[in-house]
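I opened this notebook to record what I looked up in one protein chain. The entries below follow the order in which I consulted the model.

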Amino acid sequence: MPLLRARVPCPPQLTRAQPAFTAIAMMVAACGIELDDPVLIAAAVVLGPTHGPTDALATALSARRWRSAEQALLTLLAAFAAGIALTALFGVTMRVTGLYEPGGSQQPHPNTGFIWRSGVFSFVVSWLGGAATALSNTAARVDSRVDSRVDPRVDPRVDSRVDSLAGALVSLATIPAAAAVAIDIDERRYAAGGGAAQQWVISLAGVVLAGALVRAALRRRSVRERRPAVAATARPAG
């Protein structure tokens, strides 16, 4: 059976739930940044729903479905734009009520300061997240369907757990940085927000690029695997 089917899933439509979950994840991450609490950052990463849109964008790019890629990109950007705006408004509310300290983001952040520092490791982590997402949504899913038919003891829920872990890695590369952008907007520190914005762009590019390349490689392998079977069926009998 081919490793990867040629079918490309339809790009996700922007729903009310997606920006809401993105905003909630960013708000939790913003609280984690303000408190310099990595546990809250981890919770935000688990909540982040960025797995679907980034995977749809990578899939469309690997298949050269440009209109689908454009739709997936617009869905992703709209969700993040809404999330950043709502998180900035959340920060204003928290600051007015005195729950956020004035200039809290300017204080030392030994546990969460990496969110503002973009670099090679930002791209490496996002690249690994994109590759893991592409593999979990293609090879592992197809293999589990094949194995479950042969051996009913195979648990098909393994794939969902793999998808969740891969999605968390993608959220780690994007959600905290977007929350930091919202905090800088809330504090009107637009120049300082450049570091977090750069981190977000680098991470998003790494996730999508890795996913597209891995899917393209799997698709080429699938085509090579199908060629002998096609040639055998086309060969005249006798």
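**Entry 1. A salt bridge at Arg95**

I began with Arg95 and Glu187, whose side chains meet in a salt bridge with 3.3 Å from N to O. I noted the criterion: a salt bridge is a side-chain nitrogen of Lys or Arg within 4 Å of a carboxyl oxygen of Asp or Glu. This pair links distant parts of the chain, for Arg95 is in helix α4 and Glu187 in the loop between α7 (157-186) and α8, 92 residues apart. Both Arg95 and Glu187 are buried. Buried means under 20% relative accessible area, exposed over 50%, and partly exposed in between (1.4 Å probe, protein chains only).

**Entry 2. Source and numbering**

I recorded that this is a predicted model, in which local features need pLDDT of at least 70 and side-chain atom pairs count only at pLDDT 80 or more, while totals for chains, interfaces and linings use all residues. Residues are numbered from 1 along each chain as its sequence is written, and side-chain values use heavy atoms, with hydrogens and water left out.

**Entry 3. The other salt bridges**

How many salt bridges does the structure hold? I found four. One of them joins the side chains of Arg95 and Glu34, again at 3.3 Å from N to O. Here Arg95 in helix α4 (residues 66-96) is paired with Glu34 in helix α1 (residues 17-35), 61 residues apart. Glu34, Arg95, Asp186 and Glu187 are linked in a network of salt bridges.

I then turned to Arg215, which forms a salt bridge with Asp55, the closest N and O atoms being 2.9 Å apart. Arg215 lies in helix α8 (residues 193-234) and Asp55 in helix α3 (residues 51-62), so this pair ties together parts that are 160 residues apart in sequence. Both Arg215 and Asp55 are buried.

**Entry 4. The fold as a whole**

I counted eight helices and zero strands in the chain. Helices (H or I, at least four residues) and strands (E, at least two) are DSSP runs, numbered from the N terminus. Of the 238 residues in the chain, 45% are buried.

Which residues make the nonpolar surface patch? I listed Val120, Phe121, Phe123, Val124, Trp127, Leu128, Leu209 and Leu213, with an area of about 780 Å². Patches are made of residues with over 30% relative accessible area and no salt bridge; like charges are joined within 9 Å, and nonpolar side chains (Val, Leu, Ile, Met, Phe, Trp, Tyr) within 5 Å. Accessible areas come from the Shrake-Rupley method with a 1.4 Å probe, and for residues only the protein chains shown count as cover. The largest share of the patch, six residues, comes from α5.

Helix α5 also has a buried part, including Ser122, Ser126, Gly129 and Ala134. I checked the length of α5: at 1.5 Å a residue, its 18 residues should span 26 Å, and its end C-alpha atoms are 26 Å apart, which agrees. The expected span is 1.5 Å times one less than the number of residues.

**Entry 5. The second largest pocket**

I noted that about 220 Å³ of space lies in the second largest pocket. A pocket, on a 1 Å grid over the protein atoms alone, is an open set of points with protein on both sides within 12 Å along at least five of seven lines, and lining residues have an atom within 4 Å of a point. The lining has 14 residues, of which Phe114, Phe121, Ser122, Val125 and Gln199 lie nearest the centre. Helices α5, α7 and α8 each supply at least two lining residues.

**Entry 6. Two positive phi angles**

Asp36 has a phi near 55 degrees, a positive value in a residue other than glycine. Asp36 is in the loop between α1 and α2 (38-47) and is buried at 14% relative accessibility. Arg64 is not a glycine either, yet has a positive phi of about 60 degrees. Arg64 is in the loop between α3 and α4 and is exposed, with a relative accessible area of 64%.

How values were computed. On a 1 Å grid over the protein atoms alone, a cavity is a set of points where a 1.4 Å probe fits but cannot get out, and a pocket is an open set with protein on both sides within 12 Å along at least five of seven lines; lining residues have an atom within 4 Å of a point. Grid points are joined across faces, edges and corners, and a volume is the space filled by probe spheres set on the points.
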